[in-house]
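Student: I have a model open and want to learn how to read it. Where do we start?

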Amino acid sequence: MDWISPVSTLAGAVVGVSSALIAERIRWRRDQAREGAQTRRAVYSDFLMALSRGHSDMRTVVLQPDRSTGDRLYGDLHQALDGSGVWRLRQTLSLTTSAEIIQLAVRACGALTLMRDVLIEDPDVRSDAYLRARADLWRENAHLREAMRKDLGMDGPPDPDVGQYRYPATS
């Protein structure tokens with residue numbers, strides 16, 4: 001029975017190495033999940049800021065006392081939206097997040113694009129058409145933020161902006 005001792009030693013070594021490998025794999029997965037969440041948080045923040053910048057920059061164009069008109073206004077509003085970086089960051093989202101969040105981001109971009117088109121047609125930030133477009137943008141943005149918070153595992157009360165708009169959805 002001299003073979004029992006080496007087999008026991010070998011079995012113990014296999015169990016020990018296996019346990020260490022399993023623990024290391026668990027630690028690696030946890031680190032990967034943490035890094036993924038940090039990456040998504042940064043991309044989400046940048047994307048939401050670009051949405052806000054696009055809206056703000058378009059408002060700035062139409063609030064200028066000597067604002068352009070016609071083709072020049074069309075170009076200025078397109079440049080304001082394009083210059084926000086929202087389209088580049090929208091592509092980044094497609095590499096870092098779920099299909100649900102991508103779909104919500106597409107809806108928010110659509111609302112922002114519609115706002116640009118409304119401002120091209122009637123460059124008045126007090127008009128009913130603009131106020132409706134702004135409410136739609138804020139609604140889509142709030143739903144997107146809520147999904148992003150959920151994806152990041154953030155707890156607490158829901159986004160207070162969800163459902164708090166003057167106009168019903170137009171879509």
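Tutor: Start with helix α5, residues 128–151. Helices are DSSP runs of H or I with at least four residues, numbered from the N terminus. The expected span is 1.5 Å times one less than the number of residues. α5 has 24 residues and reaches 35 Å from first C-alpha to last, close to the 34 Å expected. Just after α5, Gly-153 takes a positive phi of about 75°.

Student: What should I know about the model itself?

Tutor: It is predicted: local features need pLDDT of at least 70, side-chain atom pairs count only at pLDDT 80 or more, and totals for chains, interfaces and linings use all residues. Residues are numbered from 1 along each chain as its sequence is written, and side-chain values use heavy atoms, leaving out hydrogens and water.

Student: Is His-55 buried or exposed?

Tutor: Buried means under 20% relative accessible area, exposed over 50%, partly exposed in between (1.4 Å probe, protein chains only). His-55 has 10% relative accessibility, so it counts as buried. His-55 is found in α1, residues 4–63. Contact means heavy atoms within 4.5 Å. Beyond four places in sequence, the contacts of His-55 include Tyr-130, Arg-134 and Trp-138.

Student: How do I describe packed helices?

Tutor: Use the angle between their axes and the distance between the axes. Axes are lines fitted to C-alpha atoms, for helices over the stretch in contact; angles run from 0 to 180 degrees between N-to-C directions. The axes of α3 and α4 come within 10 Å and cross at roughly 170°. Angles over 145 degrees count as roughly antiparallel, so α3 and α4 are roughly antiparallel to each other.

Technical notes. Helices (H or I, at least four residues) and strands (E, at least two) are DSSP runs, numbered from the N terminus. Angles under 35 degrees count as roughly parallel, over 145 as roughly antiparallel, 65 to 115 as roughly perpendicular and the rest as oblique.
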